[in-house]
Structures are given as structure tokens and as C-alpha cells.
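Please read the following report alongside the sequence and the model.

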Amino acid sequence: MEIIRNFPFFSIMICMFSAIVTSVLPAKAARYLTRAALIAVMVLSAVLLVNLRGSGTSFPYMMGHFPAPWGNEIRAGELEALMALFISTVALFSVMAGMPAVLKDIDEDKQNLYFILVDLMTASIISMIYTNDLFTGYVFIEINTIAGCGLIMIRQIGKSVVTAMRYMIISLVGSGLFLIGVTMLYTISGHLLMPNIRESIAELADNDKYSVTLTVVVGLITVGLAIKSGLFPFHLWIPDAYGYSNVASSSLLSSIVSKGYILLLIKIFYRVIGFDIIVKSGVNNILFVFGVTAMIMGSLAAIREKNIRRMIAYSSVAQIGYIYMGMGLGTKAGTVAALFHIISHGATKSLLFLSSAEFTEGSHSKEFSELYGTGRKYRGSALCYSIGAFSMVGFPLLSGFISKYMFATAAVGHNLKMILALGALALSTILNTIYFLKSVIVIYSDDPKKRRPQSLETYLSGAGGMMSSKMQYFCSIGALTVINFLLGIKAQTIIDIISEGLEVFG
Amino acid sequence: MNILMIIMSVFLIVCAVAVSFTRSILSSIVIFSAYSLIMSVMWILMESPDLAITEAAVGAGVTGILFYATLKKINQIDINFYKRGPLDEKNKNRPAGDISAKTLKASAAIYRVVALVCVLTLAVLLVATVLNLPEVGQISNPDNNEVSERYIEKGIEETGAINFVAGMILDYRAFDTFGESNVLFVATICVMVMLRISKKRDPGEETNAEEEEVSDRFYEPANDTILQVMSLIIFPVIMVFGIYVVLNGHLSPGGGFSGGAVLGAGFILYLNAYGFEKTDRFMNAKTVKWITFIALMVYCLAKSYSFFTGANHLESHIPLGTPGAILSSGLILILNICVGMVVACTMYSFYALVRRGRI
């Protein structure tokens, strides 16, 4: 057990280390190293999770020779280990299945830079998950923001550069608000370590001091992280960022980068401020309202979209809305549902992006009008895409069904919120069905104009390393499909881990 | 709050307002540099000289020149005077946007009003909250607690560094600082992604790199005698000061970040005076890559060792030395040198990448 306690620290350092080494490696070696590092992190997190399973405890880990309020500290429990496992798995499969696109879109002398960005991004999200210190959280938010920007613009076409700029500006506004919030919190509490801040806040609350300041702090931090994760009124960067960047980047950004910020926000709610104080202040109601709006508006925008990649991106806006809606319910069941949906959406959305890559690249277009009949040519990826789409819609046996079910049960019992949440769930499910089924029907049906799908030139040529790139691609999207089924069938295990982890999270 | 502080604050506000209302981007950059200089004086008044050195080197020095180089690259320095820049020819045939001028004007007006309302609300909210916070430097403040007490009372004994700030950021909270150096690393990578001109895979296409070299010298005389003579005098002083700040990071204010920024600014000055032919001898893509790699690697390995031993309660075999000696304070001196190298290389490579698309 003693050595296992080091695993969170090892996971962070392995990613950092491989990023630094990658800077002097040629592109081919960089590809191997990144995959090896991600697999190592996956294994470490899985072992940690198995060891912590059922123990109902979490442990702090001292980063250096000085104990917590003086030195840095990270903390790991079941929930953290599960999330680290999820992040590294999705990152690995995104990089593997997106490899042909990486090789095609990126100039060869810049390819190793791409893998540095992937490594640093993973390291920063894992650190955000494990950190027990608010300022460490901010430092890794910075790394994550800049790396995300690089991931978008590495495909050097005009639109991706413009959208990277937009992403950077919007995201930096979010970081700025978060930093101002943290500074104010430090000034009134005198601590940066999460449990210590909570003690000071409890004391302040008892003496009724700084209550207005505290509300402003909570507001700034929440708005800052909501902007960065793309909650509804701040979602305008999402469709372009996911739609025009490299497919591996789209998958990484939508399924894990935006989730890292939400996990940090949940951590701040539970560990720093205290969830009861949040519920009393009513901040969660605001999140609920925006979440519900996002569920509807994102889906409506997705229906109007004619570009398949942008359609999936708009669906992310709606799914982020689901997560915030769950958090906004202000109960434990709501948060558990939100956490489950983080995993479920991450697994499904990466599957959708990656499996759609084969037929969009094969037909040289992302427009629906050009995609007719591609499903019959690219059978494997079309099947995976359809399964992903069904999961998003909420088909039984798949992960999307479980998360919708959990949101619905969590909403029962709140009077007004129940009506709103169930109504939004129903409406959003119908809208989801409309646009996802449309895309599935399009790829499987004949072109109404009777044009034949032209060139058979495939996305999956080119060397992929140890396995052929074709095999690697199908293994990855196949694995993501299996994960979707597992999340749907064996959901109870994951839910148990989440709720046990949440007990010791605060 | 003394009178100097009030004057400085008024200057700051004047600068901030002036930046928003100037029409010329070039003047707003100059005002911005002045803003940073005032800020660095304020840091000294607030007794944080470490920050003051960094602010003066980065805010007033390097960012100003980076903004200037960017403006030059996009031909925005003086559009009326230089009509025939090499890039103008390229941009002439760009198609106009498909939005009509009228819609654009109307939405711009709405946008301005909404933006003004949002910004003003946020500003009022923040000012009101800040006024409600405890005043800086009072004994009864919440941040004057056991955390800072231990840094001050036991800092020298536990870290071996006379400069508490160095001991705090490089020993007590070294993980954060490791993250910060990685922020610089990832920023360099992103600038390289954006600006480095890659070798074209298609051999038929002409290379952009040569074009960049031509446009680089367009607005400026090849070699300016006044600049060369002056930098001959100033450059060694800047270098010595920068190295001093880095090496004495654990003894006096400064350290890796501030010293590295000073060194980077020195390199940029040298580059401006003597051109790329001279700097390529000691600062080129290869050296920058390897210096950054070695510095970050040493940092990563040294700190991993220290974190690992610390967390597992093993003894670390790093001597702290006598506080006050130049060779003391364990890893802090080495880490300062590493951070200094990373920062200097980052600053230089930003500037080189903006100017010619490669380091």
C-alpha cells in the first residue's frame, strides 16, 4: 500500500517528464512515448482505484518535505482515481484513433510539438483532479488553457487559427475571474489549502463576517470555470473550436479538457466552500437555470447545423448543460448524476468525433449533403458512430440511458425544479433524437441526387507505428464502444464508486 | 497609504484610461510599458522587490518589444507613411467580407453598449468588494497566520535561503513553481506552433522563410551605429546584472524568473543592435532547444527526488549549507539557474519567432 500512495504523484510526473523529453525527440519517437506515458498513467490509476475500492478513505500526499499548509499537497480518493483513469483512457484512445489525422493535418516538423501539448494537457487535468491546493489548481488551469489553444491551432488553416484566438481570449477571461476570486478568498481566509480555507470560511460564517465578499468570490470562481468549460451563454467558441480543429484535438477538448474544469468546480464546491453553503447561497439555482437553457439551446442549434462535426460540437453544449443541471439540483444524487454524465459523455463524445472521422475524411467533406451512403462503405466506423449516436439519444443498454435515468431520478422531489428538469430532459431527448438519427439515416441512405460517393481514398493510410494505423483506429473506436456498453450495463459499479468517493471528497 | 502611493495609483488609472482611448496602437503600447514601470515602483513600495524586478523586465521591457514586433509584422505601425510594404502587396487581393456595412455598424453599436454595461457592472462590483477587504499590511489580517509565521521564523533554518520568497516558491511550494515553468514551456511550444515556418512538404512551393527574412528588415536601417555603440556599453551590464540576480536568488531579491527575464531582454537588445548573423552563433534553434530541455529535465528530476523522499519520509541527501553563502540552500540555487535559463530562452525565442519565423 505504501508505494501505491505515490501513484498520483507518479501519474503527474510521468506526463510532465514525457512532455519535456518529447521536446528533443523526432516525431516518431514522440508518438511512442506519448502512448506509453498515457498507458502508464492508465495502469497506475487503475491499480490505485482497485486498492482504494471499498476502503471509504482518501489520503493526502505531501509534495516535498513540508506538511500541508506550508508545502503543496495532493489528495487521492476513489473518485479522483476513477477520474484519472477516465481521463487517461479517453486521451489514449483519442490520440490513437486520431493519429492518421494528426499525421495528415500537421507538418512533420511540428508533430512532436503536438504530443508535447497532449502530454502537458493530460498532466494538467490530472493535477487539477488530485490537487488539494487552490493555487496549484490555478497554475494547472493556465497550462491547460495554453495547451488547449495549441491543440486547436496546430492545424494551420485560417479558421482554426481564428478560433484558437477566440478560445484563448474567452478562456483567459475565465482564468482572470478565477484568479481574482482565489486572491480575494486568500485575503479573507489566509489560506490556499482547501480544507483550511473551509475551516476559516466556517468561522467567518459563524461570525457573520464578509458574507457579501464570500458571495462575490463564489460568483467569480463559478463564472470563471463555467466560461472555461463552455456553459450556455459562454459557448460561442465551442462549435468552431471542435468543428475546425484536428479530429484528435476535437475529441480531447470536448471529452476531457472541458470536464477538467467542471471537476475542479465540483471540488471547490465540496471541499473549499462546502456544498451546504453553496445551496444556501442559491448559486446552484443559477447554474441550474443556465444548465437547463443550455440543454435546449444547444440541441436547437445542433438541429440547424449542416456540418456533422459542428453538429456534434453543438451537442456538447447541450451535454455540458446536463452536467450543470445535475450540479444545480443541489443534492448529492444530482452531483452523482453529473459526475456519471462527465464519464458517460466523455466516452460517447470522443467515440462520435473519432468514428465520424473516417467517413468525413473519406468523402472529403463534413457537410451532410456529401455524406450520403458513406455508412455502407465504411462499415465499422459507421456502426460505432451509430452506437455512439444511440447512446447520446439515451438508448437502453448504453451509457447515455443511465445518465438520463439518473438525472431524472435525482430531480424527483424538488417541486419546481423537478418539472423544469424533467421537461428539459424530455424536450432535449426529442431534439437529440432528431439530429442524431438524421445523421445516422444520412450516412446509411442513398444520395437523393443519385450521385455516387466518389473517391475511395481512405483516411487510414500511412504508417501508424507498431500496429497498422487501420488496426489501431478500429481497436480504439471499438474499445470506446465497449466502454459505452460497459457503462450502460455495469453502471452500478461506477455509480457506487462515485457516491463512495463523493462521501470522502469534501 | 503614503502620498507617493496615491500619486502612483492616480498615474495607473490615467494610463489605463489613456490606453482605452488612444487611436494609435503604437502609443497604447508605449503607455502600457509606462503602466508596467509604475506598477514595478508600486511593488517596491509594497515591499516586494522580487516582483518589481520581474515586472520591470517583463512588463516594461520584453512585452513592449514583443507587441512592437507584432505590429511591425502585420504592417500596423504607421499605415499612411509606409504605403508599399512587402505585405501590402500580398493583402491587396483579399476578398471583402460578406456582411454588409450597415449590419456591421448596427451590431457594433449594440455590442458597444452591452459591453460597456457589462464591464461597468463588473468594475463596480469588484471595486466595492475590494474596498470591503481588510487593508494591506495590518497585524490582524487573516493572512498573517501560522503559515506565513513559519515561513518567516523557520524559513532560513529549513530551506537555507536568506530570501524567504525564494525559499517559499522553490522549496515549500516547489510544485507550483514547477507548474509555472511548464507554463512558460507550453507557451513557447504554442508560439512555435503558431509562428514557426515549417519546411513545405511540397517541393514545388516556394518557401516562406526567405520572404520573412526580407520583410524583417523592411522598416529599419540594417545597422544603426547609435544603437550598436550604446548596446556595446549596456549589454554587458545587463548580462552581469541578470546573472547576478539569478545566482543570488536565494540571498537577495530576485531569482530565476526575474533574472531570466533580464537576461532575455539583454539578448533581444543585442539582436536588435547586431542582427541575426551575430546572435545565431550562440542562440539558435538547437541551443535554445537543448538549454530548455536540460534545464527542465534537471528541475523535473531534482524535484521528483525531493518530493519522493519528502512524501515517503526518507532522508534527502541534499546539504543545505550555511545560510548566506553563495553555495547554500540545497536545490534552490540549482533550480534558480534552471528557471533562469528557461525564462531567458523563452523570451528570446518569442522575439525571434515573431521576427523571422524561426528561432
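The report below begins with the conventions and then turns to the structure itself.

This is a predicted model, in which local features need pLDDT of at least 70 and side-chain atom pairs count only at pLDDT 80 or more, whereas totals for chains, interfaces and linings use all residues. Residues are numbered from 1 along each chain as its sequence is written, while chains are lettered from A and ligands numbered from 1 in the order in which they are written.

## Chain A as a whole

The secondary structure of chain A comes to 20 helices and two strands, where helices (H or I, at least four residues) and strands (E, at least two) are DSSP runs numbered from the N terminus. Its radius of gyration is 22 Å, close to the 23 Å that the globule rule gives for 506 residues, so chain A is as compact as a globular protein of that length; the radius is taken over C-alpha atoms, and the rule is 2.2 Å times the number of residues to the power 0.38. Along the principal axes, the C-alpha atoms of chain A fill a box of roughly 75 × 55 × 45 Å.

Buried residues account for 61% of the 506 residues in chain A. A residue counts as buried if 20 or more other C-beta atoms lie within 10 Å of its own, as exposed if 12 or fewer do, and as partly exposed in between, with C-beta atoms placed from the backbone. Among contacts in chain A between residues at least 6 apart in sequence, 78% join residues at least 24 apart, a contact being a pair whose C-beta atoms, placed from the backbone, lie within 7 Å.

## The side of chain A that touches chain B

Between the two chains, 50 residues of chain A are in contact with 45 residues of chain B. On the chain A side, the elements that give two or more residues are α1 (7–22), β1 (59–63), α4 (111–130), α5 (134–153), α6 (158–189) and α8 (211–229), and the largest share, eleven residues, comes from α5(A). By class, this side of chain A has 31 nonpolar, 14 polar and five charged residues; Ala, Val, Leu, Ile, Met, Phe, Trp, Tyr, Cys and Pro count as nonpolar, Asp, Glu, Lys and Arg as charged, and the others, Gly among them, as polar.

## Two helix pairs

Two packed helices are described by the angle between their axes and the distance between the axes. Here the axes are lines fitted to C-alpha atoms over the stretch in contact, and angles run from 0 to 180 degrees between N-to-C directions.

| Helix pair | Angle | Axis distance |
|---|---|---|
| α17(A) (399–411) and α18(A) (415–444) | about 160 degrees | 9 Å |
| α7(B) (164–172) and α14(B) (331–356) | about 85 degrees | 10 Å |

Angles under 35 degrees count as roughly parallel, over 145 as roughly antiparallel, 65 to 115 as roughly perpendicular and the rest as oblique. The helices α17(A) and α18(A) are therefore roughly antiparallel to each other. In this pair, A:Lys404, A:Phe407, A:Ala408 and A:Ala411 of α17(A) meet residues of α18(A) that include A:Lys417, A:Met418 and A:Leu425, and the contact divides into seven nonpolar, one polar and two charged residues.

The helices α7(B) and α14(B) are, by contrast, roughly perpendicular to each other. B:Ala166, B:Gly167, B:Leu170 and B:Asp171 in α7(B) meet B:Ile332, B:Leu335 and B:Asn336 in α14(B), a contact with four nonpolar, two polar and one charged residues.

## Individual residues of chain A

Most residues other than glycine have a negative phi. The loop between α7 (194–206) and α8 of chain A holds A:Asp208, whose phi is positive, near 60 degrees, and A:Tyr210 is found in the loop between α7 and α8 as well, with a positive phi near 50 degrees. A:Asp208 is exposed, with 7 other C-beta atoms within 10 Å, whereas A:Tyr210 is buried, with 24.

In helix α6 of chain A lies A:Phe178, which counts as buried with 27 C-beta neighbours inside 10 Å. Leaving aside neighbours within four places in sequence, A:Phe178 is in contact with A:Tyr138, A:Ile141, A:Ile221, A:Gly224 and A:Leu225; the C-alpha atoms of A:Phe178 and A:Ile141, 37 residues apart along the chain, are separated by 9.6 Å.

A:Arg5, in the segment before α1 of chain A, counts as partly exposed with 16 C-beta neighbours inside 10 Å. Not counting residues up to four places away in sequence, A:Arg5 touches A:Phe59 and A:Tyr61.
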